[in-house]
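Good morning, and thank you for making time for this presentation. I would ask you to keep the structure in view while I speak.

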Amino acid sequence: MDDGFTPVVFATLTAKNQTALWKLLEDVSRFIWDCSKRTKVHLKPYIGYEDGKNSHAHLILSKLWGIMSALFK
């Protein structure tokens, strides 16, 4: 599906072990918002996660338009 977004970053965000799922996803949401504000581009995240003993999230960030800043170089 070509929705105009281009995958540009794969990231793993870790949290303290046994972090509640709602807290993990809240932190991921804040990270995406901060990246979007810093790079001044529209980002579309694809999120996978594992909660429980090894709490972490995997992200693929895609941009809609614009040039990514040095943050993603």
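In strand β3, S62 is the bridge partner of K44. Helices (H or I, at least four residues) and strands (E, at least two) are taken here as DSSP runs, numbered from the N terminus. Please bear in mind that this is a predicted model, in which local features need pLDDT of at least 70 and side-chain atom pairs count only at pLDDT 80 or more, while totals for chains, interfaces and linings use all residues. Residues are numbered from 1 along each chain as its sequence is written, and side-chain values use heavy atoms, with hydrogens and water left out.

Let me stay with the sheet. Strands β2 and β3 pair in the antiparallel sense, over eight bridges; two strands count as paired if DSSP finds at least two bridges between them. Within this pairing, P45 stands opposite L61 of β3. Five residues lie between the strands in the hairpin of β2 and β3, and there G52 adopts a positive phi near 105 degrees.

What does β3 do with strand β1? The two run antiparallel and are joined by eight bridges, β1 covering residues 6-14. Strand β3 itself, residues 56-63, is mostly covered, with six of its eight residues buried. By buried I mean under 20% relative accessible area, by exposed over 50%, and by partly exposed anything in between, with a 1.4 Å probe and protein chains only.

The largest nonpolar core holds twelve residues: V9, A11, L13, L24, V28, I32, C35, V41, L43, A57, L59 and L61. At least two residues of this core come from each of β1, α1 (21-39) and β3. Helix α1 gives the most, with four residues. The term nonpolar core denotes a set of buried Ala, Val, Leu, Ile, Met, Phe, Trp, Tyr and Cys residues joined through side-chain atoms within 4.5 Å.

A11 is found in strand β1, and A11 counts as buried because its relative accessibility is 14%. Which residues does A11 contact, once its neighbours within four places in sequence are set aside? They are A57, H58 and L59, where contact means heavy atoms within 4.5 Å. A11 and A57 are 46 residues apart along the chain, and their C-alpha atoms are separated by 8.2 Å.

Next, the charged side chains. How many salt bridges does a search of the whole structure find? The search finds three, a salt bridge being a side-chain nitrogen of Lys or Arg within 4 Å of a carboxyl oxygen of Asp or Glu. In general, side chains of opposite charge can pair when their charged atoms come close.

K23 forms a salt bridge with E26, with the closest N and O atoms 4.0 Å apart. Both residues lie in helix α1, three residues apart, about one turn of the helix. K23 also meets D27 in a salt bridge, at 2.9 Å from N to O. K23 and D27 are separated by about one helical turn, because they are four residues apart in helix α1. D27 in turn forms a salt bridge with R30, the closest N and O atoms being 2.7 Å apart. D27 and R30 both lie in α1 as well, three residues apart. Through shared partners, these salt bridges join K23, E26, D27 and R30 into one network.

E26 is partly exposed at 37%, D27 is partly exposed at 27%, and R30 counts as partly exposed at 42%.

Finally, the nonpolar surface. F10, Y46 and I60 make a nonpolar surface patch of about 310 Å². Patches are made of residues with over 30% relative accessible area and no salt bridge, like charges being joined within 9 Å and nonpolar side chains (Val, Leu, Ile, Met, Phe, Trp, Tyr) within 5 Å. Accessible areas come from the Shrake-Rupley method with a 1.4 Å probe, and for residues only the protein chains shown count as cover. Y46 lies in strand β2, residues 43-50, and Y46 is partly exposed, with a relative accessible area of 41%.
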